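Morning, everyone. I'll start with sulfur, then turn to the ligand.

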Amino acid sequence: MAHVDVRGASPASVAADVLALPLFEEEVKAGGGALGELDARLGGHLLAAIRAEAFAGKAETTLTLPTLGKLPAGRVLLVGLGSSGRLGSAEALRVAAGVAARAGARAGAKLLAIVVPPALELGPAVRAATEGALLGAYRFDRYLSAKKPARPEKLWVVVPRGQERTAAAREEAGLGAAVAQAVAWARDLVNEPPMVCTPSHLARAAQEVAKETGLKVEVRGPREIAALRMGMFQGVTRGSAEEPRLVKLSWLPRGAAGKKAPLVLVGKAITFDSGGLSLKPTESMVTMNSDMAGSAAVMATMKVVARLEPAFPVHAVFGACENMPGGRAYKPSDVLRAYNGKTVQVTNTDAEGRLVLGDVLAWAADTLAPAGMVDVATLTGACVVALGNGIVGAMGPDGPVIDGVLAAARRSGEELWRLPLHESVRDNLKSDVADMKNSGERWGSALSAGLFLQEFTGGVPWAHLDIAGPSHTGKERGYWSKGGTGVPVRTLVELVRGWKA
Ligand code: BES
Ligand code: MN
Ligand code: ZN
């Protein structure tokens, strides 16, 4: 669905293959507005179908009616928005637009129109409808012999006549399309099998982004990583036959803005996490190609950053490698020396993400003098136990970065909840032979992972986003399809948009 247009029109005049009308439960009950207008044109059959099918406007429910020549649109598709108590947020519309796009694809629609509910604020609603529809139409069928139904080629976002020319409508549609494309790109990377999406593949992806956007890219290999004395990163990569890569993708504005302290986004980029010698059981290992979702998210964010052109530098940085149990693999009870000089006793080779991230955070803090850093990582199963599969766990000391992230998530519609980096958990990582160990007892281990990372931030304002739950999904839901979700690209984009350099 490459083409997105904002159209000013009354719903009854829209000539699309499928005309999607998102409705709150209260609007379904009342039966007026656009619904009443369409019903009148359809000779009362629309409200009759609502009664016959007991369509109540609940979130993620739909009702389709062919118009049989009575309207310019081929079909009317009613999509529930749930109760209008959710009116404050455009997220209900984003979900409904995703459901509509999927239903439109099943109906074979080439042109899908989505009506923006007049009760919602225009700009955010146009953005949400665009993002939801484009993301709902996403599929990953590269390796399927029988392709999934073709997605609609064109999307019309229908607003009241005259509103289509407003800056809000046009800019938000453009931004929504750019964000959705970036999210889809991140999903593709996460969904690739690990034999394809290797550390060097991720580095090439960064180089392609740079080529296409004009961002600056630096890629370093094993010798340079060794020269930088990133002993934790080197430990993790040892057991793998794939070479590691250290990647930095940068937006550097011209002039004085380029001298400002940057915002740095760090992504976890384990292209496959077998657990290493602390081997994972089969069922937990099978989705571990998605252990690089953090790096996909920070790279995808940079695609949007190149378009936003903020007046301060932004860097995406990641250390990419596999965690494998090869003959040269790092071992439980090895002691590694980090970039910042701290020593770490390995007690579990499956706690690899924090080791690579620690070196990369310390390197970024040391060489980029950041105003703020955010790391994005599929870091702990404990975070999934705590928050489930849909919610990002956010950690970090009080300060501008965690505040910015929490505010950004509210604007983006992505679910995010703060967890405490409580001092009492720090004991968990005390070691008798090194400055600390890389894993302790199970209890509070999402927090101890966060506290481990904090040791490598060099005092830079920082937030840690544990995306182990929402990075991928086993269930189709709203605008999420099975596999990679692209979380938290939308929140990172909003963080950059709201960041005061
Ligand atoms: N990549 C995993 C975390 C993960 C778990 C991501 C489930 C997505 C879904 C991470 O490297 C890991 O193995 N963490 C361990 C840490 C433990 C050994 C301290 C965990 O959470 O079990
Ligand atoms: Mn692991
Ligand atoms: Zn991992």
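First, the disulfides: the count is 0. Keep in mind that this is a predicted model.

A disulfide needs the two sulfur atoms within 2.5 Å.

Is Cys197 buried or exposed? Cys197 is buried, because its relative accessibility is 2%. The cut-off for buried is under 20%. Cys383 also has 2% relative accessibility, so Cys383 counts as buried too.

Now the ligand. Where does ligand 1 sit? Look in the largest pocket; ligand 1 sits there.

Who surrounds it? There are 15 residues around ligand 1. The ones that come nearest are Lys280, Asp291, Asp350, Glu352 and Gly381.

Let's go through some polar contacts. Take Asp350 again. One of its polar side-chain atoms lies 2.8 Å from an oxygen atom of ligand 1. Next, Lys268. An N or O atom in the Lys268 side chain is 3.1 Å from an oxygen atom of the ligand. Then Leu379. Here the backbone takes part: a backbone N or O atom of Leu379 lies 3.3 Å from a nitrogen atom of ligand 1.

How much of the accessible area of ligand 1 does the protein cover? On its own, ligand 1 has 520 Å² of accessible area, and the protein covers 80% of that.

To recap: 0 disulfides, and a ligand in the largest pocket. Thanks, everyone.

Technical notes:
Residues numbered from 1 in each chain as written. Chains lettered and ligands numbered in written order. Predicted model: local features only at pLDDT ≥ 70, side-chain atom pairs only at ≥ 80, totals over all residues. Heavy atoms only, no water. Near = heavy atom within 4 Å. Polar contact = N/O pair within 3.5 Å; in protein donor to acceptor, adjacent residues only side chain to side chain. Areas by Shrake-Rupley, 256 points an atom, 1.4 Å probe, with all protein chains shown as cover. 1 Å grid on protein atoms, 1.4 Å probe; cavity = no way out; pocket = protein on both sides within 12 Å on 5 of 7 lines; lining within 4 Å. Sits in = over half its atoms within 2 Å of the grid points. Buried < 20%, exposed > 50% of the residue type's maximum accessible area, 1.4 Å probe, protein only.
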